[in-house]
Amino acid sequence: MNHFPKAWGRPRDDIYGAYDPSFLHTNGPRAHTSSPIVTGTSVLAVKYKDGVVIAADNLASYGSLARFTDVKRLRTFNRRTVVGFGGDVSDMQYLDRLLLSLETEENYGSSGHDLNARNLHTYLAKVMYKRRSDINPLWNQILVAGLDGEAQPFLSSVDLLGTTFSSPTLATGFGAHLAQPLLRKVVDDDAQVKVVTREQAVNAVKECMKVLFYRDARSLDKYSIAVITKGAGVELKEDEQLENQSWAFAEMIKGYGTQTV
């Protein structure tokens, strides 16, 4: 072996000949991920008068197999922001490392300022749009929840195309179809945000997580929930269990198997 540091681990050229890397080359075009394999499903969030509540279950599915049951898809950023990830888990891990690097840089910076939820959402939107422009998108839909520069509740989303959207209630995956109608009964517009309490928001999100467990085959009854509040910051619980489950409604479903009407 060549013991010079610049060539550690490589055979000596004067004995074995120059290293030939041609076998590593391929004749096909450069390929990127065209469909995610291990994925997380819905992320839910709702604003209330003093902050935001966000939740996601702990399941990562390998196709249709409920493979990994302890994957945390909520990530805290500084003291007033939580990022929720839906979609590809490997891309989520890449973004998590990116956020960790950004947070480290912010913590050791000398500016005296830190990024709020609105700043972080803008940053992630630029990252997602850049990757989309490279025809190598990150297969995620992200919810950013927290407090903006004026300590007001902030909630917005960004998808794999870099498209952004803000609303008092947001959901990804199946939650966009099943949970959004239930959340909008609690908070329909920005005017109602000012009268909704923390308890109402938390109860609405927990009820939606229960509905998703009933109806979404890619969901789990163990979930993470975070509450971002003015003054108190982020309160994150990562191993919550659904309570008061009832499958009585299943007896009224007709048309499956050998049931008769």
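1. How much space lies in the largest pocket? The volume comes to about 200 Å³. The coordinates are those of a predicted model, and the points below should be read with that in mind.

2. Thirteen is the count to check for the lining: 13 residues line the largest pocket, and G86, G87, W139, N140 and Q141 are the ones that lie nearest its centre. Two or more lining residues come from each of the strands β1 (38–40), β7 (81–88) and β8 (140–147).

3. The largest share, four residues, is from α7.

4. Which classes make up the lining of the second largest pocket? Five of its residues are charged, three are polar and two are nonpolar.

5. Is K47 buried or exposed? K47 sits in strand β2 (residues 43–48). Its relative accessibility is 12%, so K47 counts as buried, the limit being under 20%. Beyond residues up to four places away in sequence, K47 touches V52, P153, F154, L155, S167, P168, V187, D190 and V193.

6. R198 belongs to helix α7, the helix that also gives four residues to the lining of the second largest pocket. With a relative accessible area of 29%, R198 is classed as partly exposed, because the value falls between the 20% and 50% limits.

7. What does R198 contact, once its neighbours within four places in sequence are left aside? The contacts are Y48, V227, T229 and E235. With E235 there is a polar contact between the two side chains, at 2.7 Å.

8. The last point concerns R198 and K47 as a pair. They are 151 residues apart along the chain, and their C-alpha atoms are separated by 8.9 Å. K47 is in β2, while R198 is in α7.

Note on methods
Residues numbered from 1 in each chain as written. Predicted model: local features only at pLDDT ≥ 70, side-chain atom pairs only at ≥ 80, totals over all residues. Heavy atoms only, no water. 1 Å grid on protein atoms, 1.4 Å probe; cavity = no way out; pocket = protein on both sides within 12 Å on 5 of 7 lines; lining within 4 Å. Points joined across faces, edges and corners; volume = space filled by probe spheres on them. Nonpolar A, V, L, I, M, F, W, Y, C, P; charged D, E, K, R; others polar. Buried < 20%, exposed > 50% of the residue type's maximum accessible area, 1.4 Å probe, protein only. Contact = heavy atoms within 4.5 Å. Polar contact = N/O pair within 3.5 Å; in protein donor to acceptor, adjacent residues only side chain to side chain.
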